[in-house]
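Thanks, everyone. Let's walk through the structure on the screen. I'll take helix packing, then domains, then backbone geometry.

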Amino acid sequence: MKRPTIAVDAMGGDHAPEEILKGVFEAAEEVNADFLLVGQRETLENLFVRVFSRIPENVKIHEAPDVFRTEEKPSEVLKRRTSSLFVGADLVRREEADGFVSAGNTGALLAVATFVIGRIPGVERPALATPIPSKTGVTILIDAGANAEVKPKHLLDFARMGSVYAELLGISRPKVALLNIGEEPEKGNTVVKDAYQLLKDTLGDRFYGNVESRDVLEGKVDVVVADGFAGNIALKAYEGAMKFMFDLIKEGVKKSGFFAKLGALMMKDVFGHVKSRLDYRTYGGAFFLGVNGVVVKAHGSSDALAIKNALKLAEKGVRTGMLEKIRELV
């Protein structure tokens, strides 16, 4: 297999281009891949020289003078053909890159992935697949926000694509569940009830059944399937709950006496391990599955560590033949 080439949106994200650049530099030292840094050439070259004094041999800069901002309307990106988002996606379409990573405008990334890179034949609705930390490791939540309204067939596609992602993480014969308001087969709206039967008939013993949102963190299953509306609400609720939990612990320690602070100090390594398990930077980003290229959406506030791990995730998706496996299933 040829060495993968990953295009990176250098101008997208809250901390672009500095943190993007640092993440690419770190990835270039650790990952056996070539990187195309897409953005304003002069800005990026000057930044490389100022921060690192050199550009790694496996990093090239690809000119894209326009910057598509986070607050802009996503559909407008298709008219902005010189933006780093559009140019990065077009590099994948032209097969000059195998994958594309961006921390920029989520809706705009989904637009260029769908309409510039294009869908895999047989996939009507590409979807965001996000890793959620659980008691047993990681659970893949798909769709995490791309499709507010779906049909039962789309949920079956999500199950298949999410299973490929789970296998990439080393999980054999992933267990799949359907996100619902109760475990009983008769719960939910018509789409969910029809999807329940379709997944049961198609996946056989790999279909666990329905799960509620509280069960996702239990790690009972490997893939949880949902429409993008419910999936995104669940995802944001988890993120908010985790932040609240850590803020509550910090507040409690600060307000407590000497022995409580001493106890917290003694448990520093434990807290560090838990924080690492829950830190979005550890996982890098979410795959946008169902398009003709490996596309990773990094968190908008990604720092260098998150970008480095997003690039590692994209490289792994290319190296393990994720697209070919999805094409075989749909």
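**Helix packing, domains and backbone**

Start with a helix pair: H5 passes H6 in a right-handed crossing. Keep in mind that this is a predicted model. H5 covers residues 152-168, and H6 covers residues 190-203. Their axes come within 8 Å and cross at roughly 45°. At that angle, H5 and H6 are therefore oblique to each other.

Who makes the contact? On the H5 side, Pro152, Lys153, Leu155, Leu156, Ala159 and Arg160. On the H6 side, Val191, Asp194, Ala195, Leu198, Leu199, Thr202 and Leu203. By class, that gives nine nonpolar residues, one polar and three charged.

Next pair: H1 and H2. H1 spans 18-30, and H2 spans 41-51. What is the handedness of the crossing of H1 and H2? Right-handed. The axes of H1 and H2 come within 11 Å, crossing at roughly 65°. Angles from 65 to 115 degrees count as roughly perpendicular, so H1 and H2 get that label.

H1 contributes Glu18, Leu21, Lys22 and Phe25 to the contact. H2 contributes Leu44, Leu47, Phe48 and Val51. The class count for H1 with H2 is six nonpolar, no polar and two charged residues.

Now the domains. The domain assignment gives two entries: domain 1, made of 1-123 + 290-320, and domain 2, residues 125-255. Taken over C-alpha atoms, their centres are 27 Å apart. In the contact, domain 1 supplies 13 residues and domain 2 supplies nine.

How big is that interface? Interface size is often given as the accessible area lost when the parts come together. Here, about 820 Å² is buried between domain 1 and domain 2. Carbon and sulfur atoms give 72% of that area.

Last topic: backbone geometry. Most peptide bonds are trans, and most residues other than glycine have a negative phi.

First place: Ala16 and Pro17 are joined by a cis peptide bond, with omega about -5°. Pro17 sits in the loop between strand S1 (5-9) and H1.

Asp143 lies in the loop between strand S6 (137-142) and H5.

Finally, Ser53. Its phi is positive, about 70°, although Ser53 is not a glycine. Where is Ser53? In the loop between H2 and strand S3 (59-63).

That's my tour. Over to you.

How values were computed:
Residues are numbered from 1 along each chain as its sequence is written. This is a predicted model: local features need pLDDT of at least 70, side-chain atom pairs count only at pLDDT 80 or more; totals for chains, interfaces and linings use all residues. Side-chain values use heavy atoms; hydrogens and water are left out. Axes are lines fitted to C-alpha atoms, for helices over the stretch in contact, and angles run from 0 to 180 degrees between N-to-C directions. Helices (H or I, at least four residues) and strands (E, at least two) are DSSP runs, numbered from the N terminus. Angles under 35 degrees count as roughly parallel, over 145 as roughly antiparallel, 65 to 115 as roughly perpendicular and the rest as oblique. A crossing is left-handed if the near helix is turned anticlockwise from the far one by less than a right angle, and right-handed if clockwise. Contact means heavy atoms within 4.5 Å. Ala, Val, Leu, Ile, Met, Phe, Trp, Tyr, Cys and Pro count as nonpolar, Asp, Glu, Lys and Arg as charged, and the others, Gly among them, as polar. Domain bounds come from an automatic or database domain assignment. Buried area is the accessible area (1.4 Å probe) that two parts lose on being put together, summed over both.
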